[in-house]
Amino acid sequence: MIPPRTRWPSGTISFVLTPDALRAHLLDARLAGVVATLREVSLRRYRLFAAGDPRVLIGIDPERSWRTRELIELMADRCGVSADPRRTSGHDVIDPDRTLAALDAFADRLAAAARRGAPVLLGTGHPHRLLGFYGGLADALSAAGCTVLTPAQGRCVDITTRFGLRTHHLDYVRGVALLREPGISRPGGEPGAHTHSPLPVRLALAAAAEAGGPLPELVIGDHGWVCGAGQLGFEAIGLADADDPAPFVGQAEGSVSVVVPLDDGVRSEHYGPLIRYVLNRACLSQ
């Protein structure tokens, strides 16, 4: 049977995905199931989080100390990774049913924001992979009457990298915040810099407050964007990989509303069906 079709904000015709069809796509694209994320990388990051390393906390200030074993159990519950600490190698596994359930909750938060015309802020530390996903959400929310905020555009952000302290600048593409790397002057010339830092969202929120608002009622993103915003008391939803415990700790402690477990490093086109699915569930398809 040919599935029904819907028109969404880009104006192109797309098939509406059923949960079963999206589940198959998640497995086929390795967004879930056996993913590229290595178990040893995940365990190392869990240990760093337990030790309070800010590179892994990415804006979350945990309410209590988390032991490595507790983080493994949390990630097993929220993502579906192995709960056995003796499993120390191979590829991690993300349960596609957990991904689907979280996408449904993610879509419900989008729908709630759209119904009240809430101002929203979107940002990504993974622009090479996820800019299209967030851009599709920004287009749909704008069409629904939400103000897509772009505070602090062009402002400088000093980020500590493995090369030392580097100055980036905050930019927006399709309403989605990202960092431009040093020396990049041509707008749109590159997708942007990969970062886990919460500094960009802190800068954006501070600039919005200094300007007298509006402030976002919903922040959508990943890495430091969702963790940094949630820690400051803003409703935050986003995506996270199995080696990224901070958003899931934030969700467990109540500072982050929804976290969708998936591989955040596959080819950008593989996230297209996720846009279609969440926009259709949120009744934001056009």
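I started with strand 7 (residues 164-173), which runs antiparallel to strand 8 and is joined to it by 5 bridges. For my own reference, helices (H or I, at least four residues) and strands (E, at least two) are DSSP runs, numbered from the N terminus, and two strands pair if DSSP finds at least two bridges between them.

A note on what I'm looking at: this is a predicted model, where local features need pLDDT of at least 70 and side-chain atom pairs count only at pLDDT 80 or more, while totals for chains, interfaces and linings use all residues. Residues are numbered from 1 along each chain as its sequence is written, and side-chain values use heavy atoms, with hydrogens and water left out.

Next I checked the link between the two strands. Strands 7 and 8 make a hairpin with 2 residues between them, and R174 in that turn has a positive phi of about 55 degrees. V173 has V176 of strand 8 as its bridge partner.

Then I looked at the other neighbour. Strand 5 (residues 120-123) pairs with strand 8 in the parallel sense over 2 bridges, and L122 sits opposite V176.

Is strand 8 buried or exposed? I found 5 of its 5 residues (176-180) buried, so strand 8 is largely enclosed by the rest of the structure. Buried means under 20% relative accessible area, with a 1.4 Å probe and protein chains only. V176, L178 and R180 point one way, A177 and L179 the other, and all are buried. In a regular strand the side chains alternate between the two faces of the sheet.

Last, the whole chain: I noted 10 helices and 11 strands, and 53% of the 286 residues are buried.

Conventions. Buried means under 20% relative accessible area, exposed over 50%, partly exposed in between (1.4 Å probe, protein chains only).
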